[in-house]
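Let us read a structure together, one feature at a time. Keep the model open as we talk.

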Amino acid sequence: MNCPASQQQPDRRRFVTGLIRWAAALSGMALIHPLLKFTGYTIKPKPRHVKITAPLPRSGVHAEREFFLFAETDRSKAWAISRTCTHLGCRVNFLEDKQLIECPCHQSRFTPQGKRLAGPAKKNLAVFPVEVQKDASGVVIGYVVTL
Ligand code: FES
């Protein structure tokens with residue numbers, strides 16, 4: 001003999017159990033993000049490579065949106081400096097006549113090597129690695145900046 005009330009009991013129990021599991025899973029997922037943020041865990045983005053073909057301008061400075069690429073006069077040594085100010089994140093400019101990097105927001109100043117000279121910024125500008133590419137005869141053909 002089948003009793004309709006006893007048949008509904010397992011279905012209702014399974015539904016409530018499933019609901020509790022889903023609620024527990026969602027609560028756990030909601031807590032993971034602030035917990036990881038609190039512990040300082042961050043996922044680093046993949047490095048990006050930006051290729052600049054030689055020759056650079058006579059000044060030895062090439063400006064991109066995210067960095068300045070500087071090269072010595074023989075172009076064999078190069079370095080890239082971030083254009084993001086370490087104070088509040090404005091985009092810095094290179095003053096060629098003064099050989100300085102200056103932030104237009106609060107006038108922090110940096111050397112072309114990214115070292116802080118003056119202003120409210122407390123840290124140096126970030127330096128990105130640069131690979132100098134040469135052809136078989138040793139002539140510089142380009143630069144690869146890793147961001
Ligand atoms: S944001 Fe550059 S000095 Fe303030």
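Q: Where do the domain boundaries fall?
A: This is a predicted model. The chain is divided into domain 1, residues 1-43, and domain 2, residues 49-146.

Q: How many Å separate the centres of domain 1 and domain 2?
A: Taken over C-alpha atoms, the separation is 53 Å.

Q: How do I read a sheet?
A: Strands of a sheet pair through backbone hydrogen bonds, in either a parallel or an antiparallel way. Here, four strands form an open sheet in the order β5-β6-β7-β8, and the pairing is antiparallel.

Q: Which are the edge strands?
A: They are β5 (93-95) and β8 (116-118), and each pairs on one side only.

Q: How many bridges link β5 and β6?
A: Three bridges join β5 to β6 (residues 100-102), in the antiparallel sense. Within this part of the sheet, asparagine 93 stands opposite glutamate 102 of β6.

Q: Now a single residue. Where is serine 76 found?
A: Serine 76 sits in the loop between β3 (67-71) and β4 (78-82).

Q: Is serine 76 buried or exposed?
A: Count the C-beta neighbours inside 10 Å. A residue with 12 or fewer is exposed. Serine 76 has 11, so it counts as exposed.

Q: What does serine 76 touch, leaving out residues up to four places away in sequence?
A: Serine 76 touches Val132 and Val140. Serine 76 and valine 140 lie 64 residues apart in sequence, with 6.9 Å from C-alpha to C-alpha.

Conventions:
Residues are numbered from 1 along each chain as its sequence is written. This is a predicted model: local features need pLDDT of at least 70, side-chain atom pairs count only at pLDDT 80 or more; totals for chains, interfaces and linings use all residues. Helices (H or I, at least four residues) and strands (E, at least two) are DSSP runs, numbered from the N terminus. A residue is buried if 20 or more other C-beta atoms lie within 10 Å of its own, exposed if 12 or fewer, and partly exposed in between; C-beta atoms are placed from the backbone. Two residues are in contact if their C-beta atoms, placed from the backbone, lie within 7 Å. Two strands pair if DSSP finds at least two bridges between them. Domain bounds come from an automatic or database domain assignment.
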